[in-house]
Amino acid sequence: MGSSVDYKRPNHGIFPFLPDTWVPYAELMRLDRQAGFWAFYWHYLIGLGFAVNLEPFSSNIDTKTLVLLAAYLWLWTTIFRGITCTWNDNLDQDFDRQVARCRVRPIPRGAVTTVQAHLFVAVQVVAGALILSPLPTSVFTHALLDGVLLFIYPLLKRCTDFPQVELGFALSYAIFMVAAMVGKDPLAPLFDPTLDLSSSMSKLAQSPQFLSATHLYAAGILWSVIFDTIYAHQDYEDDLKAGVMGLAVRLGRNGTKPALSIAAAVQIYCLVAAGQYGGFGPAYYAISCAGTALVLGEMLWSAKLEDGKSCAWCFGPGSARVGAAIVIGLFADFWIKSRGY
């Protein structure tokens with residue numbers, strides 16, 4: 001492939017220490033691109049902050065335990081993201097050969113074959129299962145459901161303009177998995193074999209924890225739609241030529257900001273509603289809600305959709321500010337409550 005001429009081996013992070021034969025597989029896992037890691041990981045941290053604040057309040061979890069849980073989720077996120085990115089690249093290889101930014105990925109440039117990539121997915125799935133093996137079955141169930149959602153994502157680019165919405169469903173679903181890990185699964189009635197579907201739904205409808213979780217889930221979905229749609233504008237011209245479908249193409253350069261501004265307003269509403277149903281305190285509203293509104297509004301105002309670097313900034317540092325605001329507010333609320341204030 002001619003695109004291999006433009007390829008440069010990553011020289012940061014762990015890459016200087018890797019054998020040449022390992023580098024393409026590390027690239028498939030996106031170990032050279034940490035912005036995407038945080039696009040996954042923020043949702044797990046949000047899930048952790050949410051879970052420890054839910055009733056009954058997790059007064060038995062101290063700072064050391066929180067750090068260990070966050071580290072555990074960091075390891076899981078690394079593998080889980082690797083699985084989904086490898087799968088995505090394998091299915092999208094024909095599209096990637098037509099998009100300038102993606103032509104030097106391992107599969108399009110010929111460094112990894114289709115079969116090798118599928119085998120690498122299988123190896124990572126086994127590694128992920130081993131990581132989750134000490135945890136309750138419900139955690140594994142949620143991880144499996146989340147994996148199905150992410151495996152569907154690349155297929156939707158071929159048949160709908162809304163793949164970013166489905167990606168949001170997948171990324172934000174992390175909050176349910178983490179809540180189950182802490183023993184506070186808001187969806188537990190759905191997995192209770194003693195309840196029929198009608199009873200399960202009735203129990204969920206009466207549960208403040210479930211209502212709080214669904215609003216936080218919706219906020220995460222909208223946030224994902226916002227940053228991934230802006231990110232997709234990097235490839236806007238190439239996607240039009242290649243026939244790749246998505247919200248960036250559907251909305252166009254003129255329609256994207258107005259539509260995403262509405263999504264941002266609904267996201268803030270959902271964050272506020274999650275706090276009301278969850279019984280969260282002033283720190284949550286000040287930082288996770290008001291703080292998020294400020295940084296999200298500033299990001300949307302300053303984004304230049306015709307500028308690839310601006311779109312990449314919104315996906316990386318810009319989105320990170322939003323994630324950090326939500327996470328800091330949740331953990332500040334937990335810290336204040338755990339000290340009896």
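C314 counts as buried, because its relative accessibility is 1%, where buried means under 20% relative accessible area, exposed over 50% and partly exposed in between, with a 1.4 Å probe and protein chains only. This is a predicted model, in which local features need pLDDT of at least 70 and side-chain atom pairs count only at pLDDT 80 or more, while totals for chains, interfaces and linings use all residues. Residues are numbered from 1 along each chain as its sequence is written, and side-chain values use heavy atoms, with hydrogens and water left out.

A search of the whole structure finds zero disulfides, a disulfide being a pair of cysteine sulfur atoms within 2.5 Å. For C314, the nearest cysteine sulfur belongs to C311 and is 6.5 Å away. For C270, which is likewise in no disulfide, the nearest cysteine sulfur is that of C289, 11 Å away. C270 counts as buried because its relative accessibility is 7%.

## The largest pocket

The largest pocket has a volume of about 880 Å³. On a 1 Å grid over the protein atoms alone, a pocket is an open set of points where a 1.4 Å probe fits, with protein on both sides within 12 Å along at least five of seven lines, and its lining residues have an atom within 4 Å of a point. Grid points are joined across faces, edges and corners, and the volume is the space filled by probe spheres set on the points.

Of the 42 residues that line the largest pocket, R101, R105, Y153, D228 and Y231 are the closest to its centre. Among the elements that give two or more residues to this lining are α3 (63-91), α10 (208-232) and α14 (308-338), while the largest share, five residues, comes from α2; helices are DSSP runs (H or I, at least four residues) numbered from the N terminus. By class, the lining has 23 nonpolar, eight polar and eleven charged residues, where Asp, Glu, Lys and Arg count as charged, Ala, Val, Leu, Ile, Met, Phe, Trp, Tyr, Cys and Pro as nonpolar, and the others, Gly among them, as polar.

## The second largest pocket

About 300 Å³ of space lies in the second largest pocket. Its lining is made of 13 residues, of which E27, D32, R33, R101 and V104 lie nearest its centre, and by class these 13 residues are four nonpolar, one polar and eight charged.
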